Amino acid sequence: MSSKLQSTGHRAKDHQPPAQGSLAAPEANAEAIHFLSNLRYLSWKLHIMEQHSQEFIKFHMLPMEHKMSLVKQDDQLTMTRSVKEGEEMKTEVTFFPGSSTVGFISQAANLVLLRVMAWRQTVPNNARFLALDTEGKLCYSTYQALGFQTIEVDRQQVRVFIVEQTVHSVKGVPSSCQFYLLSDGHLAKRIQVGSPSYCVIPKMPVLREKEEIEPRPVFGKKPLVWEEDLELSSRFLDRKEELRVRHAGYLRQHPEARALVADFLLFLLLRQPRDVVAFAAEHFGPFASRRPPPPALRSSTRRSPFRSPSPGRPPA
């Protein structure tokens with residue numbers, strides 16, 4: 001198996017944060033917060049609600065077992081850590097205020113973050129996140145891109161993107177892990193730097209292709225034929241019947257309206273004008289409530305409100 005490793009950036013030790021000692025609690029820097037804020041389809045804070053982990057080493061003389069649980073309660077993070085060496089058990093409970101966990105990346109969130117980095121094939125430069133060291137203390141965590149490499153998985157040659165995570169312990173030495181990620185973010189191999197052992201997947205997974213966002217369909221406007229629409233036609237008929245009932249009731253309450261219409265029709269049949277609309281306007285004009293009062297002296301040939309004045313003649 002041939003492999004080629006290309007380094008794309010400084011090593012983790014080149015940008016190792018200073019030792020904490022008795023300094024203030026560590027805080028994630030602006031680069032880390034900015035990277036988390038630009039994650040798509042994920043909550044930018046990657047808040048942890050609950051996480052349980054267990055690690056054990058089976059020795060005949062002195063078996064060891066580490067258990068850790070993280071639970072978010074109100075505005076704080078509660079950590080319960082148990083260490084068992086032989087028959088001796090030590091348990092400690094630590095509370096982290098919510099303000100001190102901004103930019104904190106748990107073990108579960110770390111897998112999500114690594115997958116996003118594999119999809120983008122990029123690692124944020126100089127980003128400094130928060131994590132827990134082996135002693136359960138808040139410390140800095142950095143990521144470094146080590147380029148691409150071809151490895152063998154399930155008798156197949158695959159190209160992976162390598163990301164190295166370094167946890168800068170407050171008191172101890174930094175610990176680094178290298179993650180070999182497939183194109184869709186699957187973890188193919190994990191190496192603990194300085195350890196002779198490593199983890200590798202035994203079977204090649206089905207790679208997920210990148211999703212392509214399809215453009216929104218465009219629907220053209222269709223002519224609306226309300227007579228063929230059952231709902232619109234039913235509304236029209238209901239409204240028509242409602243108006244007919246209202247009009248019939250109004251005429252029953254005002255019998256004088258029928259007398260006015262009868263007088264107009266009789267007058268119309270007697271005069272038989274050519275312009276019925278203008279004749280109706282002149283007939284019902286005096287009944288208009290907003291019509292200004294007529295002048296005291298006016299022409300005997302009254303102008304129709306629907307006709308333009310003759311050229312050269314002043315309006316009446």
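I first looked at helix α3 (residues 230–253), where R239 and E242 are 3 residues apart and thus separated by about one helical turn. Helices here are DSSP runs of H or I with at least four residues, and strands are runs of E with at least two, numbered from the N terminus. R239 and E242 form a salt bridge, with the closest N and O atoms 3.4 Å apart; the term requires a side-chain nitrogen of Lys or Arg within 4 Å of a carboxyl oxygen of Asp or Glu.

I noted that this is a predicted model, in which local features need pLDDT of at least 70, side-chain atom pairs count only at pLDDT 80 or more, and totals for chains, interfaces and linings use all residues. Residues are numbered from 1 along each chain as its sequence is written, and side-chain values use heavy atoms, with hydrogens and water left out.

I then checked accessibility: R239 is partly exposed at 40%, and E242 is partly exposed at 40%. Buried means under 20% relative accessible area, exposed over 50%, and partly exposed in between (1.4 Å probe, protein chains only).

I next looked up R81 and E92, whose salt bridge has its closest N and O atoms 3.2 Å apart. R81 lies in strand β3 (residues 76–85) and E92 in strand β4, so the pair ties together parts 11 residues apart in sequence. R81 is buried at 11% relative accessible area, whereas E92 is partly exposed at 30%.
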